[in-house]
Amino acid sequence: MIYQFGFVSHATNLWDASPAKTLTFSRYKEMTKEARLQKLCDITETNLNHTLRTIHYNIGHEINLYRMSSSIVPLATHPEVMWDFISPFKEKFSEIGELVKKHHLRVSFHPNQFTLFTSTKDEVTKNAVIDMEFHYKMLEAMGIAEDSVINIHIGGAYGDKKQTLIRFYQNLNTLPLHIKKVMTLENDDKTYTAEETLAVCQKENIPFVFDYHHHMANLSTNSLEEMLPAIMDTWKERGLKPKIHLSSPKSEKALRSHADMVDVHFVRPLFEMLRPLQIDIDFMIEAKLKDQACLHLVQELSTIRGVKRIGGASLEWK
């Protein structure tokens, strides 16, 4: 089995490399029309350059899994802005995509918690579609949409999970099919368990990004050992390797908060459960120290008997 590991957004080992520099709408309103567009372009160019820096860093450290920032383009989906962020940066987006393809990287997006299809308000659903379209446009401009994913959560329960899920299925029909084909769903740490998320993924034929930390904070009725084969099977139609999110609690009291690093003892039981499946899996590290946590965990796991490090962030697990 080959396990690859990656991290989210920006490399903490790089100086001033955040790809999520932003512009508030209140500041935007204070500017002249010409200054507004220039500022939007300046920040977007910086974020795209920092994305490129991070990808080059990943290539150098043999980290083949990377979640790009959802904040590359400031105010991209704001109803009073909605500017053309593709045309001025076609070459830059293409450059990112070519690097990803050349080095066989796996990249993804994870829109924020407000991108959901469970709301009772039509406006929230419309905004969710707009946000998903925004992320898809970036992947499309990079030329990598077919091999990438956009991951979201099911959303809130609104006091009645049964009725909310019915609404989720209805609202999801408003999402264009070509975007739905690249979306994935993740289990929550408070609301929808892995068991409930799996049922939705199976019904809608959507790959399931399993989050181990969320599962431990919000346990299912069924055991994880029982669910894992079915969770992995949700990826078969896309032809992509299953993906799992890894992090560990900040403390016993802050069970749902992510620690700076990943506690190998916390995640070790998951790897033992995965061993009998004998399949290749990608792991996205969601710890606060991002790339540092990713590389440190790989080093710790490589000391386990039967595990061989075969790259900067890749392990062969026998």
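This is a predicted model: local features need pLDDT of at least 70, side-chain atom pairs count only at pLDDT 80 or more; totals for chains, interfaces and linings use all residues.
Local features need pLDDT of at least 70 and side-chain atom pairs count only at pLDDT 80 or more, while totals for chains, interfaces and linings use all residues. Residues are numbered from 1 along each chain as its sequence is written, and side-chain values use heavy atoms, without hydrogens and water.

**Pockets**

- The largest pocket holds about 760 Å³ of space.
- A pocket is an open set of points on a 1 Å grid over the protein atoms alone, where a 1.4 Å probe fits, with protein on both sides within 12 Å along at least five of seven lines; lining residues have an atom within 4 Å of a point.
- Volume is the space filled by probe spheres set on the points, which are joined across faces, edges and corners.
- Its lining has 27 residues, with H110, P111, N112, Q113 and H153 nearest the centre of the largest pocket.
- The second largest pocket holds about 570 Å³.
- Of its 22 lining residues, T77, H78, N112, T115 and D131 lie nearest the centre of the second largest pocket.

**Loop residues**

- S9 sits in the loop between β1 (2-8) and α1 (25-30); strands (E, at least two residues) and helices (H or I, at least four) are DSSP runs, numbered from the N terminus.
- S9 counts as buried because its relative accessibility is 11%, and buried means under 20% relative accessible area, exposed over 50%, partly exposed in between (1.4 Å probe, protein chains only).
- S9 is not a glycine, yet its phi is positive, about 70 degrees.
- D16 lies in the loop between β1 and α1.
- D16 is partly exposed, at 36% relative accessible area.
- D16, also a residue other than glycine, has a positive phi near 45 degrees.
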